[in-house]
Amino acid sequence: MHLPISPQAQYALRALTDAGFQAFLVGGCVRDDLMGVQPHDYDITTDATPDDIKRVFAHCRLVLDGEKHGTVSPVIDGELTEITTFRADGDYTDGRHPDTVRFSKKLGDDLMRRDFTVNAMAWSEATGLVDPYGGEADLGRKLLRAVGDPRRRFEEDALRILRGMRFASRLEFQLAPETAEAMHELAPRLSLVSRERIFTELTGALEGRRAMAVLDEFHDVLFTVVPELFPLYMCPQKSVYHRWDVWVHTLNVLDQVTPRTPVLTWAALLHDCGKPQTRMRDRKGFDHYPQHQQAGAKLAGEILTSLKASNAFVKDVTTLVLWHDEKLNAQTAKLLMYRVGPERFEALVSLRRADIMAHAPRVFKDADALPGALARGQQALRDHECLSLKDLAVNGDDLLRLGLRGPAIRDTLEDLLLRVLKDEARNDRDELLGYVNPA
Ligand code: ATP
Ligand code: MG
């Protein structure tokens, strides 16, 4: 390893070796280290059985959630350290999990069951790098290649197809041709994988820097797991404001959007998903998509719910989709902050920027107003300006006293709030009451 190894991982390796066992760093941490990236955690693999590991770390608090898969995790200096017994997988018949897992005494068995060559390397002080499948050479070529026969590996566990997309996107690697071919071919087997796992890996793929290229190459895989998005593909967008069809535009928004959070990258992917169902071509031959935001928010909600995303996540993304197409500048900043909620306002500005920059060049100048919008929104928060009904200087009782009843009260309050948000009125009780027509 080139970079310093965490003291906890060093301690765990030493404790196992001192007790007479083999112990290696394995997987992502070895890969990241060779790439010059500081690993975010260290996985250890060993010939010690789970019972052995428990004995060696008897003085530590032990987390045993993964014990039946061979993982015992001592908490060393406050840090959870995953230690897993060498495993050799049995046959796979359900397309996702091995029917049996056998503990092994050989590192080679454990590396053989791993997904990609760059993830199938191990390291120990005594042996140095153990790299039976040419992972280091593949790292140098920025190549993601399945360990062994790719068809067989994706047949065993179809989740690896999406993991391939995730790593290609995040590491900015290419898929080796034979591996890519097998991913396309075996994509239908993703129906055997749980929706939660699909969502997690897809989210990882979206967040990566190379998401656009990967989703372009593997759009068929995406449409297998999210068939609702297939209509975007080649959906025409004939308009002077656009230079690409809806799918290519979507990929470009995804490419531009930053920061690459799960919410923002999903919002980028889904922002125009309502366009195919709302498209109308006018007499001059141009396309329009009336209310595609509403249709899109609804469809985005259905897609994310089917992927078992949390309610909060669904709310975040659908809110951004619903308001993505509004004009955003210093004048409209507070209104949109009210529409999406202050906590989502920055994300809306980011999505707007990416969306604008994926239009035709004549639209790019709309982005010039975004810094002003952001500043106006931040100022409103800082100065505790009125941003919702509860901040309004007038309330329901005031309107009751003026003789208003029922829905008229709600509508009038909303109307007064909009005036304040648009800076057409000050949040002043007398001024606002002056706008009210008594019943
Ligand atoms: P990250 O930095 O994203 O955590 P990672 O390589 O550590 O990357 P994990 O998903 O944490 O990825 O998996 C840890 C290791 O376990 C992988 O490097 C790989 O060797 C192995 N692995 C995980 N899932 C699978 C799978 N479905 N099939 C085969 N090997 C797998
Ligand atoms: Mg990991």
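A polar side-chain atom of R166 lies 2.7 Å from an oxygen atom of ligand 1, a polar contact being a pair of N or O atoms within 3.5 Å (within protein, one must be able to donate a hydrogen and the other to accept it, and residues adjacent in sequence count only if both atoms are side-chain atoms). On its own, ligand 1 has 590 Å² of accessible area, and the protein covers 77% of this; such areas come from the Shrake-Rupley method with a 1.4 Å probe, and for residues only the protein chains shown count as cover. This is a predicted model, in which local features need pLDDT of at least 70 and side-chain atom pairs count only at pLDDT 80 or more, while totals for chains, interfaces and linings use all residues. Residues are numbered from 1 along each chain as its sequence is written, ligands are numbered from 1 in the order in which they are written, and side-chain values use heavy atoms, with hydrogens and water left out.

**Around ligand 1**
- The side chain of R160 has an N or O atom 2.7 Å from a nitrogen atom of ligand 1.
- In H40, a side-chain N or O atom is 2.8 Å from an oxygen atom of the ligand.
- There are 13 residues around ligand 1, and R31, D157, R160, R163 and R166 come nearest; a residue is near if one of its heavy atoms lies within 4 Å.
- By class, this shell holds 8 charged, 4 polar and 1 nonpolar residues (Asp, Glu, Lys and Arg count as charged; Ala, Val, Leu, Ile, Met, Phe, Trp, Tyr, Cys and Pro as nonpolar; the others, Gly among them, as polar).
- Helix 7 gives the most to the shell, with 4 residues (helices are DSSP runs of H or I with at least four residues, strands are runs of E with at least two, and both are numbered from the N terminus).

**Domains**
- The assignment, automatic or from a database, gives domain 1 (7-141), domain 2 (142-225), domain 3 (227-385) and domain 4 (389-433).
- Ligand 1 lies between domain 1 and domain 2, because both give residues to its shell.
- The centres of domain 1 and domain 3, taken over C-alpha atoms, are 42 Å apart.

**Backbone**
- A cis peptide bond, with omega near 0°, runs from T258 to P259.
- P259 is in the loop between helix 12 (246-256) and helix 13 (262-270).
- E172, a residue other than glycine, has a positive phi, near 60°.
- The loop between helix 7 and strand 12 (174-175) holds E172.
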